[in-house]
Amino acid sequence: GLVGSEMCIRDSLSGMRSRLLAIPQVTEVTIERELPDGLVIAIEEREPIVRIRAMDSAGDVVTLLVDRYGVPYKGLGYDSEFVGSLPSLGGVVLKRAGDGFEAIEGIAEVDELLTEAKLIAPHLYRSWKVVSLERSPQILVKSKMAREIVFNPGDFHRELGRLDYILDYYKGKMVTKLASVDLTLGVQVPVQATIQ
């Protein structure tokens, strides 16, 4: 009867929710019945901040996306131009967890740096090719403007301002690419202007 149908529908909706949550890109699913015959489905997805190359369980090299919590996942339905605009993540070793990978540590600081750069210096952010944790807790950025930029977590706003000033200064001197900019020493910023 009616009670049995209601239980069957609840079980079906629960199964649908579980299947959707099994997709690594999905973080939350809400399914509500809208009487008399409708469903309202709300899906929250991970937001990628960087991309990383990895070998999947079949031995194929794939591009994974990494969200602000360090969760690597295969991105479904993203525009290839958007994925290509994300900086690559370097200096980490992915650890397998079932069919996927464990969350990557140290991503909170990377997210903070990228968010700050997009907000106050989007022209700098767009030039960033690789964001690396190889010198963690420092963050190393490889860009079109400098082969190596070193940031210290905690003062990204000030460091980005210094970087912008330095790049403008050297651009005025007709230096198109710097070898190294170390922003970790406060007001003293060692700059290596010529690429060896």
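Which residue in β10 is the bridge partner of V130? In this predicted model, that partner is K142, and the pairing belongs to an antiparallel contact between β9 (residues 128–132) and β10 (residues 139–143) that runs over four bridges.

**Strand pairing**

**Nonpolar cores**
- The largest nonpolar core holds 41 residues, of which W128, I139 and F151 touch the most other members, while helix α5 (residues 156–172) gives the most to this core, with six residues.
- Leaving aside residues up to four places away in sequence, I139 touches a set that includes V110, L113, V131, L133, I149, V150 and F156, and also E109 and S132.
- Another core lies apart from the largest one and consists of five residues, among them L13, V26, V29 and I31.

**Helix α5**
- With 17 residues, α5 reaches 24 Å from its first C-alpha to its last, which is close to the 24 Å expected at 1.5 Å a residue.
- The buried residues of α5 include F156, E159, L160, R162, L163, I166, L167 and Y170; seen down the helix axis, the buried residues fall within an arc of 160°, and therefore line one face of α5.
- Y165 and G172, on the other side of α5, are exposed.
- Just after α5, M174 takes a positive phi of about 65°.

Notes
Residues are numbered from 1 along each chain as its sequence is written. This is a predicted model: local features need pLDDT of at least 70, side-chain atom pairs count only at pLDDT 80 or more; totals for chains, interfaces and linings use all residues. Side-chain values use heavy atoms; hydrogens and water are left out. Two strands pair if DSSP finds at least two bridges between them. Helices (H or I, at least four residues) and strands (E, at least two) are DSSP runs, numbered from the N terminus. A nonpolar core is a set of buried Ala, Val, Leu, Ile, Met, Phe, Trp, Tyr and Cys residues joined through side-chain atoms within 4.5 Å. Buried means under 20% relative accessible area, exposed over 50%, partly exposed in between (1.4 Å probe, protein chains only). Contact means heavy atoms within 4.5 Å. The expected span of a helix is 1.5 Å times one less than its number of residues. The arc is that of the directions from the helix axis to the C-beta atoms.
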